[in-house]
Amino acid sequence: MSDTAVADTRRLNSKPQDLTDAYGPPSNFLEIDIFNPQTVGVGRARFTTYEVRMRTNLPIFKLKESCVRRRYSDFEWLKNELERDSKNCGAPTGSERTLPTYVPAGGGN
């Protein structure tokens, strides 16, 4: 094997990581939380909204924190766009009537 091939596969020299580096905030981050579902309306006019909270330090965003409510149909649109643009995207499926639930190991026995 040539010296250049060995040099290309060697680990980069890095400084030892301390607790501040390991547990401090990342240099760039984008956090998105979806929570607090609320069902609004009655009968056929009934729909579910979710609170969407975003935090980031990326310079491309004007706001560093944002919080909005969105309908389930907005998430369906996003899922369709992700699947259209990226064939390898495994976006989760579901409906506004079937929210994820916790099932204990052993079937709840």
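In what order do the 3 strands of the open sheet come, and is the pairing parallel or antiparallel?

Reply: The order is S1-S2-S3, and the pairing is antiparallel. A quick note on the ground rules: this is a predicted model, where local features need pLDDT of at least 70, side-chain atom pairs count only at pLDDT 80 or more, and totals for chains, interfaces and linings use all residues. Residues are numbered from 1 along each chain as its sequence is written, and side-chain values use heavy atoms, with hydrogens and water left out.

Strands here are DSSP runs of E, at least two residues, and helices are runs of H or I, at least four, both numbered from the N terminus. Two strands pair if DSSP finds at least two bridges between them. At the edges sit S1 (30-40) and S3 (65-71), each pairing on one side only.

Now for glutamate 51, which lies in S2. Glutamate 51 is buried, at 14% relative accessible area (buried means under 20%, exposed over 50%, partly exposed in between, with a 1.4 Å probe and protein chains only). Its side chain makes polar contacts with the side chains of asparagine 36, at 3.1 Å, and arginine 53, at 3.5 Å. A polar contact is a pair of N or O atoms within 3.5 Å; within protein, one must be able to donate a hydrogen and the other to accept it, and residues adjacent in sequence count only if both atoms are side-chain atoms. Leaving aside neighbours within four places in sequence, glutamate 51 has contacts (heavy atoms within 4.5 Å) that include Asp33, Phe35, Cys67 and Arg69.
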